[in-house]
Amino acid sequence: MTSALSNALPRRGSAGPAAERGAAKNPARPRIGDAAAGLRRTGAIGWILVAAGAAWLSVAAVSLGLPEDGDFPYTAVFAQGAAALGGLLILAGLVRTRLGRPGARLGHWGPWLLVLGLGLIAWELVTAKYALLPMPFFPPPQAILEVFLEDWPKLGGSILASLKLLAGGYVLGALAGFGLGVAVGWSRRAGYWVHPVLRFVGPLPATAWLPLAFFVFPSSWSASTFLVALATGFPVTVLTWSGIAAANRSYYDVARTLGASQSFLIRKVAIPAALPHVFVGLFMGLGASFAVLVVAEMLGVKSGLGWYLQWAQGWAAYANMYAALIAMALMCSSLITLLFRLRDRVLSWQKGLVQW
Amino acid sequence: MVAAPLAPVTPRGAALDIRTVSHAFRIKGAPLPVLDRIDLTIEPGAFVALLGPSGCGKSTLLRLAAGLEPPDAGRLDLDGAAIAGPDPSRLLVFQDPTLYPWRTVRGNVSLGLEARGLLRHNRHRVDAALERVGLSGFAEAYPHQLSGGMAQRTALARALVNDPRLLLLDEPLGKLDALTRLTLQGELVRLWQETGLTAILVTHDVEEALVLAQRVIVLSDRPARIRADIANDAPYPRHRDDPDLIRRRREILAILGHDA
């Protein structure tokens, strides 16, 4: 992910006023493999968008036109939605040059929209239309749409419950991990006592604590919060610590000669120097916390997306399961995006950050 | 190099007395001597160059003077008082500018005042220091946006803003390209003349030592001993093609074992 992407997207605070940029050594890097720019240059009509629109219209035609193998009440709604999107895409393709930046952005996603449309046609054909895939396990898209439209109170409630549990555990784990990492990185004595524990216990998957946590803690909710915090805390601790240990020794020499106190050295030198590492830890911790969250919800907590998944599987409601998976993917990737946005803001002084 | 003449902020540089200082590194427990009975008195306001082969212990002497490490033997006095630890009156500028990448130029220059809780009432000193090194227009730039010369100027401003009485320059121009180096040599002389502080420059460039300093101390290979103490009192600005300078250069190179 990479330089192509990070060049294509503007970054906040990447350069000062224009006059400064001229003198400073940060010339615009060449854009390598900027697919979007290439597509944007092809002409007045966005053929890729027109093609994508045609694909989505075909999705509608296939859904409505062919007889179904099964009973799917939302086929018409699905077809209408696909047709509306297809129409809009064709329209957007025709007047693309007048749409400005949103048009360019849409053009960037044209190939994806086309492939998604074609994929939906194939999906529709092998499920609802010809039942080539075993039925209860592989529902057609309209069945999943049905879940979103009919079961959204329960699904939405599960998302909220998951978010609540995750937020509590993650914030707790991140703060504890950060504090512990700073202590271990800074103080020899803290390092002496914490390091062996961290080495011995840290690599243990947080989920292994699950049976113990569920009877030690007063509620399954507090047990799960603890487990999520544990999963988050380990990588955050290790990376905060290594960030502080990896800070340039001269940074400390400079601050010491300038009259810095111990607390100034920690707050204004060690911690800022460690922040890029800390964010890697926060990122890894977030990934680990998702895993623990889902397992905890499946095994103990009676709410949340993990529980919804388990419940759907128990009732052989596979469409609900796919819907919950999609909701979970959206939730997790949104949280990661949020974390990367925060990092971009906090670490705007760094150059060449990976764009998410 | 034309800058508005600013009134000297520091009234006067300090005197540094180095009394039979010896020092050794410990590498896997075995001592590796780097300084051998160095005796040196530097008058207030002098510009002295320490010249010697690389790895001879020049930088170690500066670290001892900065108070970053205590010497194994001997003592260092600043104006008669023993140097016991780091202090903003004695500041080091390294070969690497070691700017904090997360702070703007202004933030880096403010560092010493901020660390001592003096920033609130002394913001004008930061602006003055930036102006002194010609970086007023770059106050809000981040280090990664600066050229090597600009970064080193920022490091100089970060030291000067604290009104040091002794400026320890550890090959500050060593990593710069030849032209930037010439420019900054001129600026160093100007800053030294304007501020009246005592400056000690570590370098392995004979010409640089002769163009900048009033006195050139030639050190031996490790463990460093003083081989020669050469007065160099030609008026500033000095020219590299001055026959007198060329003669001294040859003389020093001969001491260092390069008779060519």
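**A pair in a sheet, and what surrounds the view**

Author: Start with B:Leu168, whose bridge partner in S8(B) is B:Ile200. Before going on, some housekeeping: this is a predicted model, in which local features need pLDDT of at least 70, side-chain atom pairs count only at pLDDT 80 or more, and totals for chains, interfaces and linings use all residues. Residues are numbered from 1 along each chain as its sequence is written, while chains are lettered from A and ligands numbered from 1 in the order in which they are written.

Back to the strands. S7 (residues 166-170) and S8 (residues 198-203) of chain B run parallel and are joined by 5 bridges. Strands here are DSSP runs of E, at least two residues, and helices are runs of H or I, at least four, both numbered from the N terminus; two strands pair if DSSP finds at least two bridges between them.

Zoom out and you get an open sheet of 6 strands, in the order S6-S7-S8-S3-S9-S10 of chain B, with mixed pairing. At its edges sit S6 (90-93) and S10 (226-231) of chain B, each pairing on one side only. On average, neighbouring strands in this sheet are turned by 15 degrees against each other, direction ignored; the axes are lines fitted to C-alpha atoms, for helices over the stretch in contact, and angles run from 0 to 180 degrees between N-to-C directions.

Now the whole of chain B. It splits into domain 1 (1-89 + 166-260) and domain 2 (98-163), with bounds from an automatic or database domain assignment. Their C-alpha centres lie 24 Å apart. Where they meet, 14 residues of domain 1 of chain B are in contact with 13 residues of domain 2 of chain B, contact meaning C-beta atoms, placed from the backbone, within 7 Å. Helix H5 (residues 178-195) of chain B gives the largest share of the domain 1 side, 5 residues. By class, that side has 9 nonpolar, 4 polar and 1 charged residues; Ala, Val, Leu, Ile, Met, Phe, Trp, Tyr, Cys and Pro count as nonpolar, Asp, Glu, Lys and Arg as charged, and the others, Gly among them, as polar.

Confidence in chain A is lowest in helix H1 (residues 3-8), at a mean of 36, and highest in helix H9 (residues 152-186), at 94.

Key
Contact = placed C-beta atoms within 7 Å. pLDDT = per-residue confidence, 0-100.
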